Amino acid sequence: ESRFQCPWEHWAMRLVIRPNSGPRMCWDSLCAVLIFFSFVWIPIQAFKPESSAIITNATWFCAVCWTVNIPVSFLSGFNLEGVAELRPHRIAKHYLHTWLLFDVLTAVADWLVVLADVSLPGDSGAFVRLLTPLLNFVQLLRLPRLMLTSTSSVTQLFEFVRSERWVIAFQLVKHVSKILMFCHLVACLWYLIGSLRDEAGYEESWVLRNRLEGSSLAWRYTTSLHWALTQFTPASMEVVPGNAMERAFNVCVVVVAMVTFSVLVSAITNAMNRLQSLNSDRIQKMSLLRKYLRQHRVSVELTARVWSCSQLALDQSKQMLHSKDVVILSLLPMRLKADLYEEVHGPTLLQHPFFAQLAGSYMLLARKLFCSGVEEVALSRTRELFLAGEPGDRIFFLMAGQMTFTDTRPEIAGTPAAMPSAVTQGMWMSEP
């Protein structure tokens, strides 16, 4: 394959952005903000808001960023079956077959919308302004891409969240945000249909009936949004359809709302059940312990000690998750699993001179050792790792926390060597 590489291949690889890296996540976050701005502002055009310098500058900024996104996509690596693809010609081929045409069309639409805001002379300006609704629709097509491409970025951000409760809370916020965004779109369409009374040939409309034509933008939008929210919830308001077209739109929204509201309630219910299930396993284990102590008539003093230590052990066991607890890791291919365990166990084991020399001379053997020769153990604060007299057939590395090593051999009793020694993170002990 190297025979077909372009001469600039090695030079271009220096500019390739790794997937899920910091720069890529920042760029994806910026793109998400731009898409959110477009999704909020473009439907607002139904209310015919007054133009401002802030909106004009934001429109120019969006057009520039989406134009820059095209060459950035040519330099952004992607994950393929667990392997990061960083070869520029492969990245270009992948982009050509996926999003290039879509990005070019939407970027052209952005610049045409910018030109529509500029006073173009003659028929050119009138033609561009005539195409503005179609161009705005093309811009809104970016929303499905945001939902597809932002999944990896959101997953990467969740890696920094340690609490499962916060993850569930974020998911609840995500579901509610989807409903609010859809209600925003429905509200703008509802006002647009109400304002097309003359074009459709109707004498009545909900906008005319509620005297909104001369009202402020805030009052018109909040009234439409209030109506949209009532279609998705068991609520009501004074706004009702005024003609057949509005009635038909209302019926369509109610049909969609029945499905959407059911899905939302189901998602919220599942999230609340997950919150309750987080404590169900702990409650079951402590209930079995209480039953065991009661059946064997353990003394009150010893019961209190066992109960306190058990609670502490359960709390500390949740803080560190081991590979044997994650069943899905066994389904990964060996190459990807070796990369994973090398990154997880390598920094600790390579502090030992023997393993550092082994990795330098026989890296394949060291990677195999990282996969199959390491076992993780979590200890509570008062639990012993090993006792005197046990066979020393393994070496222990301390990955987190602090331990105390005490030599209890009779021949060194009373000497400084018998004093407890502190074992800190990165140190090893019980070397065979």
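A residue counts as buried when its relative accessible area is under 20%. By that cut-off, buried residues make up 31% of the 432 residues in this chain. The model is predicted. Its secondary structure comes to 17 helices and six strands. Seven salt bridges are present.

**Overall build**

- The chain exposes about 28,300 Å². Carbon and sulfur atoms supply 64% of that area.
- Take the contacts in the chain with a separation of 6 or more: residues 24 or more positions apart account for 69% of them.

**Packing of helices α3 and α4**

- Helix α3 covers residues 53-74, and helix α4 covers residues 88-96.
- The two helices pack at an angle of about 130°. Their axes are 8 Å apart.
- That angle makes α3 oblique to α4.
- On the α3 side, the contact is made by I70, S73 and F74. On the α4 side, I91, A92, Y95 and L96 take part.

- D28 forms a salt bridge with R24. The closest N and O atoms are 2.9 Å apart.
- Both residues lie in helix α2, which spans residues 22-44. They are four residues apart, about one turn of the helix.
- Both D28 and R24 are buried.

- N243 sits in the loop between α12 (217-232) and α13.
- N243 has a relative accessible area of 11%. The cut-off for buried is under 20%, so N243 is buried.
- Leaving out residues up to four places away in sequence, N243 touches Y202, E204 and S205.
- G194 is 49 residues from N243 along the chain. The C-alpha atoms of N243 and G194 are separated by 8.9 Å.
- E204, one of the residues that N243 touches, also meets R209 in a salt bridge between side chains. The N to O distance is 3.9 Å.
- R209 is partly exposed, at 42% relative accessible area. E204 is partly exposed too, at 37% relative accessibility.

**The nonpolar patch that includes V255**

- V251, V254, V255, M258, V259 and V263 form a nonpolar patch on the surface. Together they have about 520 Å² of accessible area.
- V255 has a relative accessible area of 43%. Residues over 50% are exposed and those under 20% are buried, so V255 counts as partly exposed.

**Helix α15 and its links to α17**

- The side chains of E342 and R367 meet in a salt bridge, at 2.6 Å from N to O.
- E342 lies in helix α15, while R367 lies in helix α17 (residues 363-372). The pair therefore ties together parts that are 25 residues apart in sequence.
- Salt bridges that share partners join D339, E342 and R367 into one network.
- H345 also lies in helix α15, which runs over residues 334-349.
- H345 counts as buried, with a relative accessibility of 2%.
- Leaving out residues up to four places away in sequence, H345 touches F370, V374 and E376.

- L379 is found in the loop between α17 and β3 (396-397).
- L379 is partly exposed, with a relative accessible area of 25%.
- M403 is 24 residues from L379 along the chain. The C-alpha atoms of L379 and M403 are separated by 9.9 Å.

Note on methods:
Residues are numbered from 1 along each chain as its sequence is written. This is a predicted model: local features need pLDDT of at least 70, side-chain atom pairs count only at pLDDT 80 or more; totals for chains, interfaces and linings use all residues. Side-chain values use heavy atoms; hydrogens and water are left out. Patches are made of residues with over 30% relative accessible area and no salt bridge: like charges are joined within 9 Å, nonpolar side chains (Val, Leu, Ile, Met, Phe, Trp, Tyr) within 5 Å. Accessible areas come from the Shrake-Rupley method with a 1.4 Å probe; for residues, only the protein chains shown count as cover. A salt bridge is a side-chain nitrogen of Lys or Arg within 4 Å of a carboxyl oxygen of Asp or Glu. Buried means under 20% relative accessible area, exposed over 50%, partly exposed in between (1.4 Å probe, protein chains only). Axes are lines fitted to C-alpha atoms, for helices over the stretch in contact, and angles run from 0 to 180 degrees between N-to-C directions. Angles under 35 degrees count as roughly parallel, over 145 as roughly antiparallel, 65 to 115 as roughly perpendicular and the rest as oblique. Contact means heavy atoms within 4.5 Å.
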